[in-house]
Structures are given as structure tokens and as C-alpha cells.
Amino acid sequence: MATVLVEGQGTMVGFYSSSCPRAESIVTLTVQSHFGSNPSIAPGLVRMHFHDCFVEGCDASILIEGSNTEKTAIPNLTLRGFEVIDDAKKQIEAVCPGIVSCADILALAARDAVVLTSGVSWMVPTGRRDGRVSLASNVNLPSSKDSIDVLKQRFAAFGLNTQDLVALLGGHTIGTAACQTFSYRLYNFTSNGPDPSIDPAFLPQLQSLCPKNGDGTRRVDIDTGSAGRFDLSFFTNLRNGRCVLESDQKLWTDASTRATIQRFFGGSPSLSFSDEFGRSMVKMGNIGIKTATNGEIRKICSAVN
């Protein structure tokens, strides 16, 4: 398996090599153990890292429990994998108390989750500290109904460019979405009916999974036919009008984002989706990181010290 190396800003690969040399291996083994009994934690951990970084930076604020914390905001109610981070933290604290941040554990776990779904590994810069602020009112995440221009603006605000946007949304190659997040596309999207960007041959399949007035919480594979494998299938489906989420489908209908996708399929100059995903995850993982002056190393990940 190839390894992508990208140095981060303000963090470094191997930060714990002397202070807690077993830290990364403990995280890896913990993710592997939980994945073995519940594969859905893989996309859950990737999504959790994204939701963490886009609010208050990558500081594990998403993990804090309590009334009106980020965890209680509507977009975060379906997050999964918290028990994996708690388990890894408990094991690390037993051998290296007060050394490894929950923010780093989450970043490492997201990488390990991708590897377990046949994705390419990358070196994760570490050295983040944990934040002390977690407010549901601060949660304003990108939406599947956002236009590409709005998504570009949201990502650019965190130093992420159009190529990063496409690569990171490619993380939808694993995971599921609730019917209530996309069923509006299937029936009365326009005055003439369903979203015309959906392949007419694919539409009945989606409608059978998410019938009108059906169970909005039912979950459907985002990458039809390959939901458990980190691969290019997501972009193939996207090219063919077989996307579940509206914002994903727009990646193909918008010329600027379509150009990046075409490079994933051998366009000139060609790009490797797996390599670009790793690079973009490192860039995202350095959003708003906390340092010794404005962060801490939590004793448990669900509460500030």
C-alpha cells in the first residue's frame, strides 16, 4: 500500500515518537478492533474528523459532551465512532498519561479508517492540543444543498482549494446518507418532477429505497455498489448521474470541479484520487489547531479538564 507524505503547518509527523512511541499503533489497533465488529465506524470516523475541523478547528471539540455542545447540533446527531476514540484514549492514558491529545487520536483514527476500507495510507502530522470550547451555536457546516460556489467559499475560508473540495467530498465513497437528506430530489425537485441530473434508470432504485412519505431516517449507500470500499467508484457513479446527494452530483455539472474529476480518470495532467485525498486530509487536519497557549491535553475526550 502506498504512503502519502505531506508535512503539515504547525504539526509534525512523529510528534509522539519519543514521548509516547506506542500512541499511533494503539490507535490503529483500536480502530481495527472496532471495525471488525462494526464496519460503519470507518465512514463515521472520517465524517467526525471533518465535522470537528470545520468548527473551532481540529481540536476535538466535537467530542465534548453536555447540553448545547457541538455534539448536540442537528448535523452531528448521526455521527458515530465516539466509542472508538474513547477506547483509544483510555488505552493511551494507561501508558502515556497526559501526553496525547484527543484531537490527534481523531485525526489518526480517520486515516486508519480509510486504510481499513482499502484506501491509501498517509502520514498524519500530530501535535495538536484539545480545545476548551464546544458550542452547538457555532456549528455551521457545509450542506448537501449548497451550490458549488458556496462550497468553494466555505472551503476557501479554511485554506482549502477547489481540488481539496473535490478530493474531500470523494470521502463519500464510503458511508451512507439518510433518506431525509436527499429524498427531495426524487419527487418534486422541479415542477416537472425529480432532479433531472439523476440517471432515469437509477431513479426507481432510489425511490424504492426512499418512498415518498417513507422512513426519513433509513440510510442508503452514498456510493452505490461500492459503499464499503475506498475507491474511484464514487466518481464513476457521479459521472453517470448516479449520485445520492445533490452537492456531490454538482461536482460533475460544474466545469471547475469536473476538471479535477477528469484528472482522476487520466485527464492531463493526471491525478491520483487516493494521493490527493491524503494530501487534502492533512491540509484539513491543520485547520485552527490549538497550541500549548490555547489548548490542553484532555484526561478524557468527552470533557475538558
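K250 is partly exposed in this predicted model, its relative accessible area being 21%. This residue forms a salt bridge with E246, and the closest N and O atoms of the pair are 3.3 Å apart. The count of salt bridges in the model comes to 13.

- K250 and E246 are four residues apart in helix 9 (residues 246-253), so about one helical turn separates them.
- E246 counts as buried, at 10% relative accessibility, whereas K250 is partly exposed.

- D59 pairs with K290 in a salt bridge whose closest N and O atoms are 3.1 Å apart.
- Because D59 lies in the loop between helix 2 (41-53) and helix 3 and K290 in the segment after helix 11 (273-284), the pair ties together parts that are 231 residues apart in sequence.
- D59 is buried at 1% relative accessibility, and K290 is buried at 12%.

**Further salt bridges**
- K71 forms a salt bridge with E65, with 3.1 Å between the closest N and O atoms.
- K71 counts as buried at 19% relative accessibility, while E65 is partly exposed at 48%.
- A network of salt bridges links E24, R111 and D112.

**Surroundings of I85**
- I85 is located in helix 3 (residues 82-95) and is buried, with a relative accessible area of 0%.
- Leaving aside residues up to four places away in sequence, I85 touches L45, M48, L63, I105, L106, A109 and C301.
- The C-alpha atoms of I85 and A109 are 7.6 Å apart in space, although 24 residues separate the two in sequence.

Methods. Residues numbered from 1 in each chain as written. Predicted model: local features only at pLDDT ≥ 70, side-chain atom pairs only at ≥ 80, totals over all residues. Heavy atoms only, no water. Helix = DSSP H or I, 4+ residues; strand = E, 2+ residues; numbered from the N terminus. Buried < 20%, exposed > 50% of the residue type's maximum accessible area, 1.4 Å probe, protein only. Contact = heavy atoms within 4.5 Å. Salt bridge = Lys/Arg side-chain N within 4 Å of Asp/Glu carboxyl O.
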